[in-house]
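Colleague: Can you walk me through this one? I'd like to start with the charged side chains.

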Amino acid sequence: MGIILSVVAFCLYPVLSNDWVNWDDPLYVLGNPLVQELNGDSFRAAFTTPEVVGLYHPLTILSLAVDYHFWAEDALGFHLTNLIFHLLNTALVFLLFRKLKAPLIVAGFVALLFGMH
């Protein structure tokens, strides 16, 4: 699994040099008051606001609020968090396939495909 995660991290690390994009970043992060404070009220609002940008996804809003708390408007931190989450999910795909009794080579191949998608 270490080799797979290393390959995926090596291929995706350039994302860390990316900046904000003018697609949904202003709506989700830069101009979203729900993520710009991390306290009890914002935690509650993440779950009680019916929709943000047309979707209800309180865990995403909380994750963005934690990132904003530590990184403010520095895109590097947000990209680093997403890279770490993606690597963790790649590992979970590998472990899931092993749990389903897939051969090591199959689990590794599927995890690699997932990680590189």
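Modeller: This is a predicted model. In it, the side chains of Asp41 and Arg44 meet in a salt bridge, at 3.0 Å from N to O.

Colleague: How many salt bridges does a search of the whole structure find?

Modeller: The search finds 1 salt bridge. Side chains of opposite charge can pair when their charged atoms come close.

Colleague: Where do Asp41 and Arg44 sit in helix α3, and how many residues apart are they?

Modeller: Helix α3 covers residues 40-48, and Asp41 and Arg44 are 3 residues apart in it, so about one helical turn separates them.

Colleague: Are Asp41 and Arg44 buried or exposed?

Modeller: Asp41 is exposed, and Arg44 is exposed too.

Colleague: What about Ser42, why does that residue count as buried or exposed?

Modeller: Ser42 is also placed in helix α3. Ser42 counts as buried because its relative accessibility is 9%, and the cut-off for buried is under 20%.

Colleague: What does Ser42 touch, leaving out residues up to four places away in sequence?

Modeller: Ser42 touches Leu34 and Glu37. With Glu37, a polar atom of the Ser42 side chain lies 2.9 Å from the backbone oxygen.

Colleague: New topic. How many cavities of 30 Å³ or more does the structure hold?

Modeller: The structure holds 1. The largest cavity has about 30 Å³ of space.

Colleague: Which residues line the largest cavity?

Modeller: Its lining consists of Ala46, Thr49, Val52, Leu55, Tyr56, His57, Pro58 and Ile61.

Colleague: And how does the lining of the largest cavity split by class?

Modeller: The lining has 6 nonpolar and 2 polar residues, and no charged ones.

Technical notes:
Residues are numbered from 1 along each chain as its sequence is written. This is a predicted model: local features need pLDDT of at least 70, side-chain atom pairs count only at pLDDT 80 or more; totals for chains, interfaces and linings use all residues. Side-chain values use heavy atoms; hydrogens and water are left out. A salt bridge is a side-chain nitrogen of Lys or Arg within 4 Å of a carboxyl oxygen of Asp or Glu. Helices (H or I, at least four residues) and strands (E, at least two) are DSSP runs, numbered from the N terminus. Buried means under 20% relative accessible area, exposed over 50%, partly exposed in between (1.4 Å probe, protein chains only). On a 1 Å grid over the protein atoms alone, a cavity is a set of points where a 1.4 Å probe fits but cannot get out, and a pocket is an open set with protein on both sides within 12 Å along at least five of seven lines; lining residues have an atom within 4 Å of a point. Grid points are joined across faces, edges and corners, and a volume is the space filled by probe spheres set on the points. Ala, Val, Leu, Ile, Met, Phe, Trp, Tyr, Cys and Pro count as nonpolar, Asp, Glu, Lys and Arg as charged, and the others, Gly among them, as polar. A polar contact is a pair of N or O atoms within 3.5 Å; within protein, one must be able to donate a hydrogen and the other to accept it, and residues adjacent in sequence count only if both atoms are side-chain atoms. Contact means heavy atoms within 4.5 Å.
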